[in-house]
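Please examine the structure shown here together with its sequence.

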Amino acid sequence: MEEWVGGIWHKYITRKASTEYEQASVCFSEVSKSVGMVFRALGGDVVKRIEAASSRDYLVRRTFLQKVSGENQQVSLAWQDPESLRLPERLAVFPTTELNRDLYIWLAILAAHHSGRFQHWAIDNQQLVVEVLTKFPALTPRYQRLAQAFLVSRPSLKKLPEQEKIMEQAIVQAILEPGTVKIFPTVNYAPKAVFLWLYPSAHVDPLLLPDYQDITEDENQAQESKQSTKNKISRKKADREQADESNDGMMIFRLESLFSWSEFSKLDRGSDDTDEDEEDLLRTAEDLDNITLSQQQDQKSANIKIDLDLPSASEDDIPLGKGISLPEWNYRTQQLEADRCLLQPMLPKNYTAQSLPIKLQKTAKAIQAQFEQLTSVRYWLKAQPQGEELDLSAWLDFYVESKIAPTQEKGLYQSFRGNNRDISSLLLADLSMSTDAYLDDDNRVIDVVRDSMLLFGEALNSVGDNFAMYGFSSVRRSNVRLTMLKNFNEPYNDEIRGRVQSICPGFYTRMGAAIRQATKVLQEQRSTQKLLLILTDGKPNDIDHYEGRFGIEDTHQAIAEANRLGIKPFCITIDQEAEEYLPYLFGRDGFTVILRPAQLPIRLPQLYHQLTSH
C-alpha cells in the first residue's frame with residue numbers, strides 16, 4: 001500500500017513540477033537518421049558519431065516543487081567533441097512535435113559549422129548563429145519560429161534576483177538579435193538551459209584520452225574498447241580516482257547504510273574467473289550518473305587476452321622474409337607517418353594440394369558458364385587498312401571527300417575481333433578472429449569466406465583473367481600478417497586450392513596496412529584495368545590505438561591512395577551495420593552489403609562479373 005501511494009505521489013509531484021510538454025516530446029532515436037544526413041550534408045565531420053547525450057549536472061535555480069520532486073537537477077544538452085556529436089536524448093521544450101523536431105535539425109546545423117571549442121559560450125554561439133543564417137538565408141524563418149517559441153518557455157523576470165534578471169534579458173536579446181550582446185553578467189546560478197545553442201563538451205579526464213604514441217603492452221590492453229551495438233548507451237560523466245593499494249578489501253556495513261549507485265567507495269573490487277552477464281553490466285552503467293575509474297594494473301581484460309597471443313613458431317604459418325615497413329595515417333596530425341607498421345608476408349603451413357570440394361563443383365560449373373559470356377563477346381573493328389569485309393561507312397566517307405578534293409585513301413575495311421580483357425584483380429580477404437563466428441548450426445563465417453574464394457578462383461581461371469588472392473589479420477602495428485594464397489604469376493591449380501582450404505581465423509583487422517600492400521602489388525601489374533576487391537565482416541580495428549576513428553581514417557587514406565594510382569577498390573561485406581562507415585571509406589558506389597552471408601560464395605563471382613563486364 002505504501003509503495004502504491006508513493007508511486008502515485010511521485011507521478012503527481014513530478015508532473016506538477018515539470019515545465020516540459022510531454023505530449024509533444026521527440027526522442028533522439030526518431031530523428032537520428034535525419035540529423036546525421038543534415039549534419040554531414042552541411043559540412044560536418046563525416047566520421048563523427050552522432051549519438052544521444054545523457055543528462056549532466058546543471059546548477060540552475062529551481063522552484064519549490066522541483067526541489068520536492070528532485071526535478072531539474074540534470075539536463076540533457078547538445079555538445080560535441082572531436083569524436084562525436086551528442087544531442088539531447090529527448091526534447092520536449094516546445095508545445096508541438098514539429099518545433100521539437102526542428103530544434104534537433106537546427107542543433108545539427110550549428111554543430112556542422114562549429115569546431116566544438118568555446119572562448120565565451122554566449123558570444124561564440126551568437127556569432128555561430130549569425131554565420132549560419134548569413135550562409136543559409138533560407139533557414140531564417142525556421143530560426144525565427146524557434147526563437148519566438150523559446151521566449152514563451154523562459155522564466156518570469158519578476159521572480160529573479162537582479163543579476164539573474166540582467167542575465168536572462170541578455171540571453172533573450174541574444175536569441176532574438178544574435179550578435180548584438182557582448183556583455184553577460186556573472187551569476188551564482190546558471191540560466192535556464194538555452195536549447196537553441198550548443199554547450200561546451202562535458203568534462204572528460206585527459207587521462208582517458210590516449211595519445212597516438214608508443215605505449216606498453218599492459219596499457220594497450222587497458223585501452224582496448226568494444227565497438228558493438230550493445231554499447232551505444234549515452235555518454236557518462238567520468239572521474240579519475242587513485243586505486244586502493246591494498247590487495248584485498250572487506251566492507252562492513254549495516255543494511256540501512258547501503259550505498260546508492262551514484263556513490264563511490266574507494267575499495268578494491270575483487271575479481272574472479274567467472275563471466276558476468278553483459279546485459280547486467282550495461283544496465284548498471286545506464287543507471288550510473290557518474291562513472292568513477294581508476295588505473296588498475298591487474299585487469300580482467302588483460303587475463304583473457306592471453307588466448308590471443310601469437311602461436312609458437314613451430315605451429316605458426318611460414319614467414320617470408322623479414323617483413324615490409326609501411327606507413328600509417330595519423331588523423332590528429334593529418335600526416336602519413338613513415339615506417340609505422342610492419343607487414344609480414346606468410347605462407348600457410350602444412351597445406352596439401354586438394355581438388356575443388358564436391359559440394360562446390362556443381363555451383364562452379366554454373367558460374368563458369370556465366371563467365372564464358374565475357375570471353376564470347378566479339379565486335380567489329382572499323383576503318384582498318386585490311387580486314388575480312390569492306391567498311392561501307394568508311395568507304396562512303398572516302399568517296400564523298402574524293403569528289404570534293406583529292407583525298408588520301410584511309411582504312412576502308414573492318415575486322416572481326418574477340419574481346420580483349422586487359423584486367424588484373426586482387427582479392428583481399430579479412431581473416432580476423434570474428435570470422436570464427438557461426439552463421440548457422442553448420443557454417444562459420446570463415447567457411448563461407450573459404451568457399452567464396454574457391455569459387456572466385458574457379459570463375460576467373462575459366463575466363464583467363466589475371467588475379468591474385470591474399471588474406472590478412474593483425475596483432476598490433478608490429479605484426480600485420482598477409483597470407484599469400486595466390487600470386488599473380490602463379491597458375492591456379494590444386495596447390496592453390498589447398499592453400500585456400502587451409503585458411504583459418506586469425507586476429508584483428510588492421511585494414512589500412514593490408515590495402516597499402518595490396519595496392520603496391522597491383523601497381524606492378526601492366527594491365528590497363530586494376531581491381532582491388534576487399535572481403536570483410538567488420539570495420540577496421542586492432543588491439544592498440546587502431547580503434548574507432550584511427551582505423552577508419554587510416555583505411556580511408558589507404559583507399560584514397562589506391563584511387564589516385566588508378567586502382568579501383570570495391571568492398572564486399574556481410575556487416576549489417578556497414579552503412580555507418582563504408583560510404584565514407586569507399587563512396588556510395590564502392591561497396592555492397594550481403595544481407596544473407598550464406599549467399600556470399602555465389603554473390604562474389606557475380607559481383608566481379610558486373611564490375612568487369614562494362
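Asparagine 350 is placed in the loop that runs between strand 12 and helix 11 (358-376); helices (H or I, at least four residues) and strands (E, at least two) are DSSP runs, numbered from the N terminus. Asparagine 350 has a positive phi of about 60°, although it is not a glycine. With a relative accessible area of 68%, asparagine 350 is exposed. Here buried means under 20% relative accessible area, exposed over 50%, and partly exposed in between (1.4 Å probe, protein chains only). The model is a predicted one, in which local features need pLDDT of at least 70 and side-chain atom pairs count only at pLDDT 80 or more, while totals for chains, interfaces and linings use all residues. Residues are numbered from 1 along each chain as its sequence is written, and side-chain values use heavy atoms, with hydrogens and water left out.

Aspartate 339 belongs to strand 12 itself (residues 335-347). Aspartate 339 is not a glycine, yet its phi is positive, at about 50°. Its relative accessible area of 57% makes aspartate 339 exposed.

Alanine 437 counts as partly exposed because its relative accessibility is 38%. Not counting residues up to four places away in sequence, alanine 437 touches Arg444 and Val445, where contact means heavy atoms within 4.5 Å. The C-alpha atom of alanine 437 is separated by 9.4 Å from that of proline 505, which is 68 residues away along the chain.

Threonine 592, in strand 21 (residues 591-593), is buried, with a relative accessible area of 16%. When residues up to four places away in sequence are not counted, threonine 592 touches Phe570, Cys571, Ile572, Thr573 and Leu607.

Strands of a sheet pair through backbone hydrogen bonds, either parallel or antiparallel. Strand 2 pairs with strand 6 (residues 84-88) in the parallel sense, over five bridges. Alanine 52 has leucine 87 of strand 6 as its bridge partner.

Axes are lines fitted to C-alpha atoms, for helices over the stretch in contact, and angles run from 0 to 180 degrees between N-to-C directions.

The axes of helix 2 (residues 28-41) and helix 4 (residues 97-112) come within 9 Å and cross at roughly 35°. Residues of helix 2 in this contact include Phe28, Val31 and Phe39, and those of helix 4 include Arg101, Tyr104 and Ile109. The residues of the contact divide into 11 nonpolar, one polar and two charged; Ala, Val, Leu, Ile, Met, Phe, Trp, Tyr, Cys and Pro count as nonpolar, Asp, Glu, Lys and Arg as charged, and the others, Gly among them, as polar.

Finally, the protein chain as a whole has 18 helices and 21 strands. Of its 614 residues, 43% count as buried.

Technical notes
Two strands pair if DSSP finds at least two bridges between them.
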